[in-house]
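Here is my note for you, point by point. Please keep the structure open beside it and find each residue as you read.

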Amino acid sequence: MNDSFADATSRLWHAIGADDADWPAAQLTTGPRAVLPAALDVTGLATGAVAVATVAAAQFLAARRQSKQPAVTVDSRESCAAFASERLFTPVGWTRPPLWDPIAGNYRAADAWIRLHTNYASHRAAVERVLGAHDRETVQAAVAGLRAGELETAIVEAGGCAGVMHNRSQWLASAPGMATAGAPPLTVVERRSSGAGTPNAIGQLPFDGVRVLDLTRVIAGPVCTKFLAGYGADVLRIDPPGFDEVPSLLPETTLGKRTAALDLTAASDRAIFEELLAGADVLVSGLRADALKRLGYDDEALTSVNPGLIIASLDAYGWDGPWRNRRGFDSLVQMSCGIADDGATATGQAEPTPLPVQALDHATGWLLAAAVARALARRLTHTVTARIQGSLIGTANLLYSLTPPNDHLSVPTPNDFTLTATTTDWGPARRVPLPGRIDGVAAHWSQQAGPLGRHAAVWATA
C-alpha cells in the first residue's frame with residue numbers, strides 16, 4: 001500500500017469493524033496524495049473509502065470461492081472522480097435538469113450564514129411558507145432581517161431543511177454536537193441467527209445472487225447500492241408511488257438497479273414488501289432514524305420476517321441526541337459541524353466554503369457498502385448477521401481525525417478526469433467509471449439508469 005494513504009485507509013478499515021490482521025498484503029494504492037483541494041483530507045477519505053469497499057468485496061468473493069483473495073488496486077484520482085460523479089456526469093445530445101433548485105444555497109441572515117436546502121418540492125414549499133418569498137432575490141431580502149438560528153428552527157418545524165453555519169467549537173458545544181462528538185462513521189452489531197445463509201450461486205462477480213432491497217435516496221445510500229450492483233447484486237429500489245426524487249441525480253443513482261413503487265401504508269403493498277424482505281439478503285435504508293419504525297418495520301419486525309437479514313441504515317445527524325430524526329443532507333451537515341467555516345478560514349473567504357465535493361455523502365455510501373460486504377462474508381464464515389448504522393456526522397468526525405496533506409492545489413476541472421460512455425433511459429452520456437480494481441473481476445451494471453417505479457416489485461434472481 002502507498003504509505004502516504006496508510007493512516008486514512010487504516011482508520012476507514014477499522015470503521016467497518018475490521019482489524020489490521022484482516023487487511024491484505026495484495027493491495028496497491030496509486031495516484032497523487034492530494035487531488036481535491038480542501039482544508040481537510042478529502043483525497044485520503046475518498047481513496048480510503050474506495051479501498052476498504054473494494055477489499056471487502058474481494059474478501060467476500062474469496063470466501064465464496066474458498067480461495068485466496070484476489071489483488072486489489074485503487075487509484076486516488078479515480079476515487080476522487082467518483083466522489084464528484086453527479087457533477088461530472090455529462091449527457092450527450094440531451095439536457096439534464098440542474099443539480100440545485102433555484103433558491104437552494106447560502107444566505108446571509110442578520111447574525112450568521114444559513115443554507116436552505118430546497119431540492120425537494122415539499123422542502124421548498126416549507127421555506128416559501130416561512131419566508132413568504134418565492135425567488136432568490138425575495139428570499140435573500142427576507143432572510144437578511146432574521147436571526148439565523150430562529151429561521152433554521154422555523155423552517156425545520158415547517159417540514160423543511162436548513163443549516164446555520166457554525167465553527168467547529170460552536171458545533172461541539174451545542175446539544176446535537178455534544179451528543180455526536182464521539183460518533184463513529186459506522187457501528188456494526190452482530191448477532192447469531194439460524195436464518196443466516198448465503199446464496200449458493202457463485203458467478204464471476206462478488207455479489208452474484210445477493211439480493212439487496214434498496215430504500216435509499218439522494219446520494220449516500222445510492223452510492224452504496226450502486227457499488228453492490230456493479231459487482232453483481234440484484235438491487236431493487238423501492239419508493240412510494242409518485243415519489244419525486246431530485247431528477248438530476250437519477251442518471252447516476254439508479255445505475256445498475258431495478259426500481260419499483262410500493263405504498264407501505266397499504267395492506268396489499270405491505271404484503272409484497274414483506275415477501276421481498278423474506279427473500280432479501282440485505283436491506284439498505286437511507287430514511288430518517290424513525291421512519292421505518294413509524295411504518296411498523298423496526299429491527300424486530302424486519303428480522304421476524306427474515307432472521308438472516310443484514311440491515312444497513314444511514315442518516316444525517318447520527319443516531320443519538322436531539323437531531324437524530326432531523327432531515328439533513330451533506331451540504332447542511334457541512335454547515336452545521338464546522339466544515340464550511342473551516343473552508344472559509346483556510347481560503348480567506350467571507351462566505352461558507354464547503355468541500356469541493358459532497359464527500360460526507362460519498363464516503364458514507366462507500367463505507368456502508370464495505371460494511372455490507374464484510375457482513376456478507378462473516379454471515380458465510382461465522383453464521384452471524386449484522387445491524388449496520390452509519391451517519392454523515394460520524395463521517396465528518398472521521399474526516400476531522402485525518403491529517404490533511406500540505407499540497408496546495410487548484411480546483412480540478414472535468415477534463416482532469418477520465419469518463420466512460422454509458423447509456424441511460426434518457427439518452428447516451430459519459431460518466432465516471434467505478435473506481436477500484438479486483439484482479440480478474442470486471443465490474444459492470446446489468447441495468448441502465450432510468451426513472452423510478454419502472455419495474456415490477458419482484459426479485460430478478462431465482
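1. **Disulfides.** How many disulfides does the count come to? The count is 0, where a disulfide is a pair of cysteine sulfur atoms within 2.5 Å. A disulfide is a covalent bond between the sulfur atoms of two cysteines. Take C80: the closest cysteine sulfur is in C337, 19 Å away, so this is too far for a bond. For C224 the closest cysteine sulfur is in C80, and 20 Å is again too far for a bond. C80 is buried, at a relative accessible area of 0%. C224 is also buried, at 0%. Buried means under 20% relative accessible area, exposed over 50%, and partly exposed in between (1.4 Å probe, protein chains only).

2. **What the values rest on.** This is a predicted model: local features need pLDDT of at least 70, side-chain atom pairs count only at pLDDT 80 or more, and totals for chains, interfaces and linings use all residues. Residues are numbered from 1 along each chain as its sequence is written, and side-chain values use heavy atoms, with hydrogens and water left out.

3. **Aromatic pairs.** The count comes to 13 aromatic pairs. Rings of Phe, Tyr and Trp (its six-membered ring) pair if their centres lie within 6.5 Å; planes under 30 degrees apart are stacked, over 60 edge-to-face, and the rest tilted. W171 and W323 have ring centres 5.6 Å apart and planes at 50 degrees, so this pair is tilted. The two belong to distant parts of the chain, 152 residues apart: W171 is in helix α8 (residues 168-173), and W323 is in the loop between β12 (310-315) and α15 (330-337). Helices (H or I, at least four residues) and strands (E, at least two) are DSSP runs, numbered from the N terminus. W171 is buried, at 2% relative accessibility. W323 is buried too, at 14%.

4. Now look at F227 and Y231. Their ring centres are 5.3 Å apart and their planes stand at 70 degrees, so the pair is edge-to-face. Are F227 and Y231 buried or exposed? Both are buried. Ring pairs also link F60, F207, F227, Y231 and W366 into a cluster.

5. **Charges over rings.** A charge sits over a ring if NZ of Lys or CZ of Arg is within 6 Å of the ring centre and within 35 degrees of the ring normal. R326 places its charged end over the ring of W323, 3.6 Å from the centre. R168 lies over the face of Y400, 4.0 Å from the ring centre.

6. Which order do the strands take in the open sheet of 3 strands? The order is β3-β15-β14, and the pairing is antiparallel. The edge strands, β3 (90-91) and β14 (420-424), each pair on one side only. Two strands pair if DSSP finds at least two bridges between them. β3 has 2 bridges to β15 (residues 427-431), and P91 stands opposite A429. β14 and β15 share 5 bridges. These two strands form a hairpin with 2 residues between them, and T424 has G427 as its bridge partner.

7. **S248.** Find S248 in the loop between β9 (234-239) and α11 (250-253). S248 is buried, at 1% relative accessible area. Its side chain reaches the backbone oxygen of P98 at 3.2 Å. Beyond its neighbours within four places in sequence, S248 is in contact (heavy atoms within 4.5 Å) with R96, P97, P98 and L99.

8. **Helix α16.** In α16 (residues 339-347), the buried residues include I339, A340 and D341, along with G343 and A344. Their cover includes α15, α17 (359-382) and α18 (392-401). Just after α16, G348 has a positive phi of about 70 degrees.

9. Most residues other than glycine have a negative phi. Q66 is not a glycine, yet its phi is positive, about 55 degrees. Q66 sits in the loop between α2 (42-65) and β2 (72-75) and is exposed, at 76% relative accessibility. T383 is not a glycine either, and its phi is also positive, about 55 degrees. T383 lies in the loop between α17 and β13 (384-391) and is partly exposed, at 40%.

Terms used:
Polar contact = N/O pair within 3.5 Å; in protein donor to acceptor, adjacent residues only side chain to side chain.
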